[in-house]
Each structure stands twice: as C-alpha cells, then as structure tokens.
Amino acid sequence: MSAATLVLNGTSYDFPVIVGSEKEVGIDIGRLRATTGAIALDPGYGNTGSCKSAITYIDGEKGILRYRGYRIEELAAKASFLEVTHLLVYGTLPTAGELRRFTRQLTEHTLLHEDMKKFYEGFPPSARPMSVLSTMVASLSTYYPDTQVDLNIIRLLAKLKTIAAFSYKKSIGQPFVYPRNDLGFVADFLHMMFAVPSEPYDVPDVVHKALDMLLILHADHEQNCSTSTVRMVGSSGTDLFSTVSSGVCALAGPLHGGANVAVIRMLEAIRDDGGDHSKFIAKAKDKSDPFRLMGFGHRVYKNFDPRARLIKEATDRVLSLLGREDPLLDIAKRLERIALEDEYFIARRLYPNLDFYSGILYRAMGLPTDMFTVLFALGRLPGWIAHWKEMREMHGRLHRPRQIYTGHTERAWIPIDQR
Ligand code: CMC
C-alpha cells in the first residue's frame, strides 16, 4: 500500500499512505487542500492523526498499551514511577547510575520559591485543587526563564508534587509541610500530604507501592485530550510551564481526568439512593438525560482498558492488606456486572476505564476525593513533557486546524435604528 485515491467531483487525487511501526495505517492528507481545495472534517478528531510519535502505542481492540515498547503490565509490576518518567521523557530505561543522578536532580529541585506561598494565601479555602494546580504551574514561568529547557523539565517534575501537596494543605487549613530530601519521590509526596509539624507520617509500604503503580498507569496515553492540548499550546512556542498548565486545565474536565472524582460522586449517589443500580443505568441510557455512567467508555479502548484491569486487581489487594472494606467497591462491582450484561453497553462497546476503580483505590489509601484529579495530573506529567519535548525536537508546525463555516453568507450592514 503506497497511495490512497480520493475521487472528488470526478477527479482522482492520490495521497501517500504512512505505515507506523505497529502497521497502523494513515493517509497523509498534508496536501489535501493544496491539491483539491477541500479540507477533511473530523469533529472530535476521532479519525485524525495529529502527529507521528514514538512515545506510546495503544491497540484499543486488543487492550494493548506500551510506553516506548514496554508493556504496561510489566512496567506496573517491575518499574518505579521515576524509571517510567525517565523512559518517557528521555526515551530509555535509566541505568543504575542514570537513575541515581535523576533521583538526585529531582530531590534538589523540590522546593518552591518562598514567594509562591503568597499565592496560596490568596486562594479561597473552597478553591478547586485543579484550578490551584494549573495556576501555580503557570506561575512557575514567572520565576524560571524558559531558555533552560532541560533544567525546567527537572524543576517541573520535582516541584509538581510540592505544589499538589501544598494545595491540599491549603484546602484543609493546615500548615505546609516541606519536602524531605531523604525520602523517595512517592514517599516524599505522601509525607507532604499527611505529615503535620508535630507528627511525621510513616508511609505504609502497601500505600507507597500502590501509588507508585497508579502514577505509572497514568503516565502517558498518547494523543488524549490534555496531551493534545499540550501539543496544541506548545506548538506556538509557549514555554513549558504555561503549556503544561493548559494540559492541567484540559485534564480537569469530567469527561477526561475529572472522571475519577465523578465516579465516586456517582457511586455515593447510588448508595444514598438506596443502592438502586437500575435507575442509574436507565438514566445513562436515556438520550434526553445528560447523565452518563462515569468511568465507562473510552475513545480508543473497545474491549477492555488494560489499566482498569490492573487497578481493579490492586484495589482488592490493597483493601485486603489494609484490612479495610469500602461499600462503594461493592456498588462499583455490581454496577460493572449489570452494565456489561446490558445490550446498550454491549452494542456500544462501553467498558470500565481507568477512572472507574482508581478512585476507590485512592480512597483505600486515605487520599481525599478532591485530590484524585491532581493525582492523575501528577502521573500524567511525564507524558505531557515527553510529547512537548518530542514536538519541539521534530520542529513541528503551528497547530492550526481549519473549519467548515456554516454561518451567514455576506449581508448588508443594518443601521442601529433599523434592527
Ligand atoms: N454512559 C452512557 N453512554 C455512553 C457512555 C457512558 N459513559 N459513553 C459513551 N456512551 C454512548 C454515547 O451516548 C454514544 O451513544 P449513541 O451512539 O447512541 O449516541 C456512544 O456511547 C458513543 O459515545 P461517544 O460519546 O461518541 O464516545 P466518545 O469516544 O466520544 O467518548 C468518553 C468517550 C470517554 C468521553 C465517553 O465514553 C464518556 O463520556 N465516558 C464517561 C466519562 C469518563 O469516564 N471519562 C474518562 C475517560 S478515560 C480517562 C481519560 O483518558 O481521561
């Protein structure tokens, strides 16, 4: 296959066919408008490849997800989040020496400029953590000039968890807990979240491991909404911090990262309503009702989401190791069972996605619901950075889609007294 032929108004045009390393096929329509005068219309970009990328591969039919060629199941079982971060951002698994250096670099840059604490004072106590996160990330660009790209990548990777933990402390009115250089990445984050000045926080091993794995599972997902936003904003040459801040904003919405909070709210609503699943399933199927089954469905996965499987297993394991029970887990499992047997969900190939069980796992670990999407952002950061870096290194074009205009054709000006 080397060309695809399009016939438009009786004239044939050939376009090159591009084949990826996993044999996926794309028609290169880069010269579509120049040769035919027409554009491609694809609202929601479900059929549009916006770039070539060597970072993450997904096969939505087979439930395959690989970062730089490594299976997600293997990374989740064997790697640490920092190894995966190195893999995504720099393209290779780090050697022992590289990992030591990388860890040291990330440890050295965890502090926020003291002046940044004043920003937190200005936010209302009710401020949503994702809004605080995007604001604080954007504000980093006022402290660090964007010319030192490599150093700024390290700064952002190191500081995001401090920003995130400070947002939480602000939301509950506790004093900020500063980072500790003797702790690893995940342990330091949990320490800043849960320690109080009079009492250090001993990170339970099971919690540490589960959070590390969750961050790995969230680390990249090719051209999803927030990553595409990062590529879009970054394509204009905007600095790293402002660009990633736009990714945080895109992630916050309930159809994307915000779904992990929405799932818990939905499960709580089912519980408070007496546990009647069928009512909620009926609402999700009713086209006149905007309600959707949160944590269900995915643009790419059409059989199962491999991340959801791993999270479901981990949720059972963590709850049992911590000796806890969560009635919301039973509600979720029942809801999943009913939905998977329902013709509506079967016909549309709607399955639990990674957000369906992740919230229950965060709850089991003692992490507060309002912080779930922030945790998603913490995990997704290496992916955003990897895509921003790849795009710059490829010297990609400014992202500037076109449209099919459906408004008025030219009309005459109407003086104000005649309207
Ligand atoms: N509940 C009920 N119906 C649904 C759902 C759902 N969760 N998801 C899709 N549908 C229906 C939809 O109404 C449509 O039906 P019809 O063909 O009769 O019009 C059909 O399934 C196809 O849906 P779509 O909206 O065209 O699919 P999409 O690929 O544009 O949307 C999605 C994908 C994730 C936005 C959507 O499935 C959804 O809204 N899910 C709930 C929110 C959610 O869990 N989001 C997290 C996504 S995974 C984490 C991440 O990457 O952010």
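The shell around the ligand in this predicted model comprises nine nonpolar, six polar and five charged residues. Of these 20 residues around the ligand, His256, Arg292, Leu293, Gly295 and Arg299 come nearest.

| Residue | Protein atom | Ligand atom | Distance |
|---|---|---|---|
| Arg292 | side-chain N or O | oxygen | 2.8 Å |
| Leu293 | backbone N or O | nitrogen | 2.8 Å |
| Arg348 | side-chain N or O | oxygen | 3.0 Å |

**Helix packing**

Two packed helices are described by the angle between their axes and by the distance between those axes. Three such pairs are described here, and helix α15 takes part in the pairs with α17 and α12.

Helix α15 spans residues 327–340 and helix α17 spans residues 354–364; their axes come within 10 Å and cross at roughly 170°. Because an angle over 145 degrees counts as roughly antiparallel, α15 is roughly antiparallel to α17. On the α15 side the contact is formed by Leu328, Leu329, Ala332, Lys333, Leu335 and Glu336, and on the α17 side by Phe356, Tyr357, Ile360 and Arg363. By class, this contact has seven nonpolar, no polar and three charged residues.

Helix α12, residues 259–272, also has an axis that comes within 10 Å of that of α15, but here the crossing angle is roughly 95°. The helices α12 and α15 are therefore roughly perpendicular to each other. From α12, the residues Ile264, Met266, Leu267, Glu268, Ile270 and Arg271 meet Leu328, Ile331, Ala332 and Leu335 of α15. This contact has eight nonpolar, no polar and two charged residues. Leu328, Ala332 and Leu335 of α15 take part in the contacts with both α17 and α12.

The remaining pair joins helix α6 (residues 129–143) and helix α11 (residues 240–252), which pack at about 170° with their axes 7 Å apart. That angle makes α6 roughly antiparallel to α11. In α6, Met130, Leu133, Ser134, Val137, Ala138, Leu140 and Ser141 meet Phe241, Ser242, Val244, Ser245, Val248, Cys249, Leu251 and Ala252 of α11. The residues of this contact divide into 11 nonpolar, four polar and no charged.

Key. Residues are numbered from 1 along each chain as its sequence is written. This is a predicted model: local features need pLDDT of at least 70, side-chain atom pairs count only at pLDDT 80 or more; totals for chains, interfaces and linings use all residues. Side-chain values use heavy atoms; hydrogens and water are left out. A residue is near a molecule or strand if one of its heavy atoms lies within 4 Å of it. A polar contact is a pair of N or O atoms within 3.5 Å; within protein, one must be able to donate a hydrogen and the other to accept it, and residues adjacent in sequence count only if both atoms are side-chain atoms. Ala, Val, Leu, Ile, Met, Phe, Trp, Tyr, Cys and Pro count as nonpolar, Asp, Glu, Lys and Arg as charged, and the others, Gly among them, as polar. Axes are lines fitted to C-alpha atoms, for helices over the stretch in contact, and angles run from 0 to 180 degrees between N-to-C directions. Helices (H or I, at least four residues) and strands (E, at least two) are DSSP runs, numbered from the N terminus. Angles under 35 degrees count as roughly parallel, over 145 as roughly antiparallel, 65 to 115 as roughly perpendicular and the rest as oblique. Contact means heavy atoms within 4.5 Å.
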